[in-house]
Amino acid sequence: MGTSSRPLTDHAGIASVDRQTFRSLLGSLAGGVSVITALDDTGPKGFTCSAVCSVSAAPPLLLSGISNRSGTLRTILETGRFGVNLLSEQGRGMSDLFASDCGTKFDGIGWEPGKVTGIPLLEPTVAHAECVLTQSVVAGDHTIVVGRIVGGGIEQERLPLAYWRGDYRRLLRHEPSRTEES
């Protein structure tokens, strides 16, 4: 597990945008909705996350941005493992639950331990990944965690839950017309 980053030159005199502009700009990027999960001696942890993306195919790496105040982040840094559960369009309630401060998020929901890491894997998802932590980088009020994917699975027939401009969205499956198939 390594930590490294190279500081950028300070561009004195150039102010950052305000918080509302930042949220509006980045909210214009449609994204999938995930629940990041972890497990320690006290039990499962998790939170809703839209900041997940691929990093590398060789080795297979992904990253997630996690608030520095997150208890799940502390567990990930301590145990070196985490799961990424990419929610299906039926996962809106689960997304809302894991975005809340509820202390009993795992009570009454379907999950099972991952086959490789034992990390909680949720239902309903379109895919899930079991990861071992390879790097963490503090970036402002968040930490970027990079995980090497050591297990995973997909559900081909499900559509993902999407988030855009402050609300959940459904993706439509494009069915090719006869002319597109030829």
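This note sets out numbered points on a predicted model.

1. Salt bridges overall. A search of the whole structure returns 3 salt bridges. Side chains of opposite charge can pair when their charged atoms come close. The three points that follow take up the pairs in turn.

2. K45 and D40. A salt bridge is formed between K45 and D40, with 3.1 Å between the closest N and O atoms. K45 is partly exposed, its relative accessible area being 21%. D40 is likewise partly exposed, with a relative accessible area of 21%.

3. R92 and D167. In the salt bridge between R92 and D167, the closest N and O atoms are 3.7 Å apart. This pair links distant parts of the chain, with R92 in helix α3 (residues 92-99) and D167 in strand β12, 75 residues apart. R92 has a relative accessible area of 41% and is partly exposed. D167, with a relative accessible area of 32%, is partly exposed.

4. R158 and E123. The side chains of R158 and E123 form a salt bridge, at 3.0 Å from N to O. R158 belongs to the loop between β10 and β11, and E123 to the loop between β8 and β9, so the pair ties together parts that are 35 residues apart in sequence. R158 is partly exposed, at 28% relative accessibility. E123 is also partly exposed, with a relative accessible area of 38%.

5. The cis peptide bond at E123. Besides its salt bridge with R158, E123 takes part in a cis peptide bond, which runs from E123 to P124 and has omega near 0 degrees. P124 is found in the loop between β8 and β9.

6. The cis peptide bond at A58. A58 and P59 are joined by a cis peptide bond, with omega of about 5 degrees. P59 lies in the loop between β4 (52-57) and β5 (60-67).

7. Backbone of R165. R165 is a residue other than glycine with a positive phi, near 50 degrees. The loop between β11 (161-164) and β12 (167-170) holds R165. The relative accessible area of R165 is 54%. Because exposed means over 50% relative accessible area, R165 is classed as exposed.

8. The second largest pocket. This pocket has a volume of about 240 Å³. Its lining comprises 17 residues, of which E112, K115, L121, H128 and G153 are the closest to the centre of the pocket. Two or more residues of the lining come from each of β7 (111-113), β8 (120-122), β9 (125-139) and β10 (142-154). By class, the lining of the second largest pocket holds 6 nonpolar, 6 polar and 5 charged residues.

9. A nonpolar surface patch. V17, F22, L25 and L26 make up a nonpolar patch on the surface, and together they have about 400 Å² of accessible area. V17 sits in the segment before α1 (19-27). V17 is partly exposed, with a relative accessible area of 49%.

Technical notes. Residues are numbered from 1 along each chain as its sequence is written. This is a predicted model: local features need pLDDT of at least 70, side-chain atom pairs count only at pLDDT 80 or more; totals for chains, interfaces and linings use all residues. Side-chain values use heavy atoms; hydrogens and water are left out. On a 1 Å grid over the protein atoms alone, a cavity is a set of points where a 1.4 Å probe fits but cannot get out, and a pocket is an open set with protein on both sides within 12 Å along at least five of seven lines; lining residues have an atom within 4 Å of a point. Grid points are joined across faces, edges and corners, and a volume is the space filled by probe spheres set on the points. Helices (H or I, at least four residues) and strands (E, at least two) are DSSP runs, numbered from the N terminus. Ala, Val, Leu, Ile, Met, Phe, Trp, Tyr, Cys and Pro count as nonpolar, Asp, Glu, Lys and Arg as charged, and the others, Gly among them, as polar. Patches are made of residues with over 30% relative accessible area and no salt bridge: like charges are joined within 9 Å, nonpolar side chains (Val, Leu, Ile, Met, Phe, Trp, Tyr) within 5 Å. Accessible areas come from the Shrake-Rupley method with a 1.4 Å probe; for residues, only the protein chains shown count as cover. A salt bridge is a side-chain nitrogen of Lys or Arg within 4 Å of a carboxyl oxygen of Asp or Glu. Buried means under 20% relative accessible area, exposed over 50%, partly exposed in between (1.4 Å probe, protein chains only).
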